[in-house]
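Have the sequence and the structure open as you read.

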Amino acid sequence: MYNAVKHIAAAALIAAAVTACSGGNERQQSATALLEQARNEVNSARYAEALTLLDSLDRAYRDCLEQRRPGTRLRMEAMLAMVNDSITANDARRAVLDSTVSRLAPQFRRIEIPGTDGYSVARSIYTGNEMNVTGIQPRVDEQGYFFIAVNVKGRVINVLGLNYGDVSTTGAASVAVEGSEIATVRHEQAAALAQALAAAQAPAKVTIHGTAGNVDVRLDAKALQAFADTWTYAQAVTDQRTELIRRERLARQQTQLQQALAADAQATAEAQTEDAD
């Protein structure tokens with residue numbers, strides 16, 4: 001967007017110096033009609049259609065600078081309107097995400113573990129005894145990403161992943177600890193399973209499968225609700241961050257277009273003053 005704005009502004013200044021349209025009055029009228037069509041599209045908030053028409057104007061009537069120069073400004077106005085609409089939509093999305101995060105955040109407990117970045121877990125299912133039982137637990141890492149912690153008590157099965165119905169995960173990272181095994185299924189691998197469990201009816205049987213055997217875990221209604229809330233919370237936190245980054249980028253684009261339009265207006269005023277002199 002930044003380079004596009006620079007090129008548009010430069011084109012506007014160059015076009016200010018020449019107004020001839022070769023090929024006679026008919027060609028000039030055709031270029032003017034195309035410009036007016038584009039202007040009507042902008043006035044109707046059909047910005048993509050307007051930009052397509054302006055592209056045609058630039059390609060087919062390269063010598064008709066009298067029409068292309070206001071077309072260049074119209075292009076910037078259309079792009080600014082598109083950015084403004086995107087900002088409005090972004091603000092609306094972030095308001096919903098902010099509300100979701102604010103609603104769910106108090107339901108989670110932050111667990112600090114020395115030597116690690118810690119994690120957040122639903123208060124409803126946290127016991128502090130997770131390492132002493134076989135089970136799975138949905139969590140949110142320090143960056144806001146969802147993951148599933150797996151613990152197999154008293155066995156090492158070389159965990160490969162989890163299975164629920166037709167949904168399976170792969171790529172579990174596991175480690176043996178004093179005759180037991182712990183594993184982690186990260187966000188990308190866990191997404192389908194998390195969504196399936198969020199929609200499941202209790203009780204739900206999840207199989208921890210490994211190269212040296214399988215272990216079944218049954219999830220009650222409270223555990224399934226924790227999966228649903230944890231997935232929703234993690235998605236809201238990560239989407240919130242993504243939308244904020246997008247909002248900052250849109251703000252920069254908005255400023256650049258506003259500056260380009262101001263520079264174009266100044267160049268036009270200076271050209272008119274020189275003509276008057």
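Arg186 lies over the face of Phe147, 4.9 Å from the ring centre. A charge counts as sitting over a ring if NZ of Lys or CZ of Arg is within 6 Å of the ring centre and within 35 degrees of the ring normal. The ring of Tyr119 also has a charged end over it, that of Arg139, at 4.0 Å from the centre.

This is a predicted model, in which local features need pLDDT of at least 70, side-chain atom pairs count only at pLDDT 80 or more, and totals for chains, interfaces and linings use all residues. Residues are numbered from 1 along each chain as its sequence is written, and side-chain values use heavy atoms, leaving out hydrogens and water.

Now to the rings themselves. Rings of Phe, Tyr and Trp (its six-membered ring) pair if their centres lie within 6.5 Å; planes under 30 degrees apart are stacked, over 60 edge-to-face, and the rest tilted. That rule gives four aromatic pairs, including these two:

| Pair | Centre to centre | Angle between planes | Type |
|---|---|---|---|
| Tyr119 and Phe147 | 6.5 Å | 85 degrees | edge-to-face |
| Phe146 and Trp231 | 5.3 Å | 80 degrees | edge-to-face |

Tyr119 in strand 2 (residues 119–122) and Phe147 in strand 4 (residues 146–152) are 28 residues apart. Phe146 lies in strand 4 and Trp231 in helix 6 (residues 221–276), so their pair ties together parts 85 residues apart in sequence. Helices (H or I, at least four residues) and strands (E, at least two) are DSSP runs, numbered from the N terminus.

Phe146, Phe227 and Trp231 form one aromatic cluster. Phe146 is buried at 0% relative accessible area, and Trp231 is buried at 12%; buried means under 20%, exposed over 50%, and partly exposed in between (1.4 Å probe, protein chains only).
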